[in-house]
Amino acid sequence: MPSFDIVSEIDLVELKNAVDNANREITTRFDFRGVEASFELKESIVTMIADNDFQLRQMLDILRGTCVKRGVDTAAFEEKDVQHIGKIYKQAIALKQGIEQATSKKIIKLIKEAKIKVQASIQGEQVRVTGKKRDELQQVMALAKSAELDQPVQFTNFRD
């Protein structure tokens, strides 16, 4: 029986490249000359460090732009609160990986409401969809792409 998995993953290699490009762009920009500003990537958290809040907002725009160029979906960004420590402002951006239980249930509900003849089941941080026809699975893919979810989704493990 044909099946596929709906997942939410970020390519960490491309994210690292995007952060490196953003750091390079900061060093060449005139408005960041003589300023302590940088991006740091640890696991799946990007930390922005700057001298003031306005620069943090500019850095977020730079990061989003470089991520889009590298193919990293910025819908997975979860911005944390700005921390002010002495003269330094910090902001962490966590990246959502995996589909949460509530989002998984929302996806299954969408599939059932569309009355597509497939079975969907939650398997950890992904949703497995099985059906008799490939066309029905492609309808589910189109439905998941067009749905208003809190995070980006990808489709993996397509089996015929």
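**Figure 1. Salt bridges, with a close-up of Asp 53 and Arg 57 in helix α2.** The predicted model contains seven salt bridges, a salt bridge being a side-chain nitrogen of Lys or Arg within 4 Å of a carboxyl oxygen of Asp or Glu. Side chains of opposite charge can pair when their charged atoms come close. One of these bridges joins the side chains of Asp 53 and Arg 57, with an N to O distance of 3.0 Å. Asp 53 and Arg 57 both belong to helix α2 (residues 53-70), where they are four residues apart, about one turn of the helix. Helices (H or I, at least four residues) and strands (E, at least two) are DSSP runs, numbered from the N terminus. Residues are numbered from 1 along each chain as its sequence is written, and side-chain values use heavy atoms, with hydrogens and water left out. As this is a predicted model, local features need pLDDT of at least 70 and side-chain atom pairs count only at pLDDT 80 or more, whereas totals for chains, interfaces and linings use all residues.

**Figure 2. The open sheet β2-β3-β5-β4.** Four strands make up this sheet, and their pairing is antiparallel; two strands pair if DSSP finds at least two bridges between them. The edges are formed by β2 (38-42) and β4 (77-85), each of which pairs on one side only. On average, neighbouring strands are turned by 20 degrees against each other, direction ignored. Axes are lines fitted to C-alpha atoms, for helices over the stretch in contact, and angles run from 0 to 180 degrees between N-to-C directions. Helix α1 (residues 12-28) packs on the sheet and touches β2, β3 and β5 (88-95), contact meaning heavy atoms within 4.5 Å. The direction of α1 makes about 165 degrees with that of β2. Helix α2, which holds the Asp 53 and Arg 57 salt bridge, lies across β2, β3, β4 and β5 and runs at about 140 degrees to β3.

Figure 3. β2 and β3 (residues 45-50) pair in the antiparallel sense over five bridges. Ser 38 has Ile 49 in β3 as its bridge partner, and Phe 39 has Met 48 in β3. The hairpin of β2 and β3 has two residues between the strands, and Glu 43 in the turn has a positive phi of about 55 degrees. β3 also pairs with β5, over six bridges in the antiparallel sense, with Ala 92 in β5 as the bridge partner of Thr 47. Seven bridges join β4 and β5, again antiparallel, and Glu 79 stands opposite Ile 93 in β5. β4 and β5 likewise form a hairpin with two residues between them, where Gly 86 in the turn has a positive phi of about 65 degrees.

**Figure 4. The largest cavity and its lining.** Rolling a probe the size of a water molecule over the atoms shows where empty space is left. On a 1 Å grid over the protein atoms alone, a cavity is a set of points where a 1.4 Å probe fits but cannot get out, and lining residues have an atom within 4 Å of a point. Grid points are joined across faces, edges and corners, and a volume is the space filled by probe spheres set on the points. A search of the whole structure finds one cavity of 30 Å³ or more, and the largest cavity holds about 40 Å³ of space. Its lining consists of Ile 107, Leu 110, Ile 111, Val 140, Leu 143, Ala 144, Ala 147 and Leu 149. The elements that give two or more residues to this lining are α3 (101-113) and α4 (134-146). By class, the lining has eight nonpolar, no polar and no charged residues, where Ala, Val, Leu, Ile, Met, Phe, Trp, Tyr, Cys and Pro count as nonpolar, Asp, Glu, Lys and Arg as charged, and the others, Gly among them, as polar.

How values were computed
1 Å grid on protein atoms, 1.4 Å probe; cavity = no way out; pocket = protein on both sides within 12 Å on 5 of 7 lines; lining within 4 Å.
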